[in-house]
Amino acid sequence: MDSREVDEGQSIRRRRSCQECGRRFTTVEEAVLAVIKRSGVSEPFSREKVIRGVRRACQGRPVDEDALAILAQRVEETVRASGAAEVPSHDVGLAILGPLRELDPVAYLRFASVYRSFESVADFEREIALLRDGCDPAPPGGTGQAPAAASGR
């Protein structure tokens, strides 16, 4: 009878009518977003899991729970924008880096050091220089320079 998007397009609410008895009812269809972990296991995307991971990086930093919730929402929107029903966990991590960098540079460095497997002080120095210069971070294993053409922009 009627369909409309709800939750910013994440769900579809449908008003239906039974053809046998004529009773009306409502259904809600939600798009399930799955994350494929490195092990190959698939699990539903969880904003709470994003918040837990980022909260560790923000420990001792002036970042409140509302800011973490907004960051997790931005990450989910970015991942859903790909249009894929399943996304690799690596893509979720990449989606976290940008908003976290804007939120708190120290927390960003903490998260990036683990996520991108920094191996030396030079890796930290290179990333700090990029933060100071306002440049995009280098890809993992990169040279530390991320020109716009190399980053796909």
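Me: Which residues does Val 54 touch, not counting residues up to four places away in sequence?
Reply: This is a predicted model, in which local features need pLDDT of at least 70, side-chain atom pairs count only at pLDDT 80 or more, and totals for chains, interfaces and linings use all residues. Residues are numbered from 1 along each chain as its sequence is written, and side-chain values use heavy atoms, leaving out hydrogens and water. Contact means heavy atoms within 4.5 Å. On that basis Val 54 touches Leu 68, Leu 71, Ile 96 and Leu 100.

Me: Which residues of helix α1 are buried?
Reply: Helices (H or I, at least four residues) and strands (E, at least two) are DSSP runs, numbered from the N terminus. Buried means under 20% relative accessible area, exposed over 50%, and partly exposed in between, with a 1.4 Å probe and protein chains only. In α1, residues 47-57, the buried ones are Val 50, Ile 51, Val 54 and Ala 57.

Me: Why are these residues on the same side of α1?
Reply: The arc is taken from the directions from the helix axis to the C-beta atoms. The buried residues of α1 pack against α2 (65-80), α3 (89-103) and α4 (105-115). They are on the same side because they cover an arc of only 115° around the axis.

Me: Which side chain makes a polar contact with the side chain of Glu 127?
Reply: Glu 127 lies in helix α5, residues 121-133, and is buried, with a relative accessible area of 3%. A polar contact is a pair of N or O atoms within 3.5 Å; within protein, one must be able to donate a hydrogen and the other to accept it, and residues adjacent in sequence count only if both atoms are side-chain atoms. At 2.6 Å, the partner is the side chain of Tyr 108.

Me: Over which residues does pLDDT stay under 50?
Reply: pLDDT is the predictor's confidence in each residue, from 0 to 100. The chain averages 81. Where pLDDT is low, the predicted coordinates should not be read in detail. The stretch under 50 is residues 140-153.
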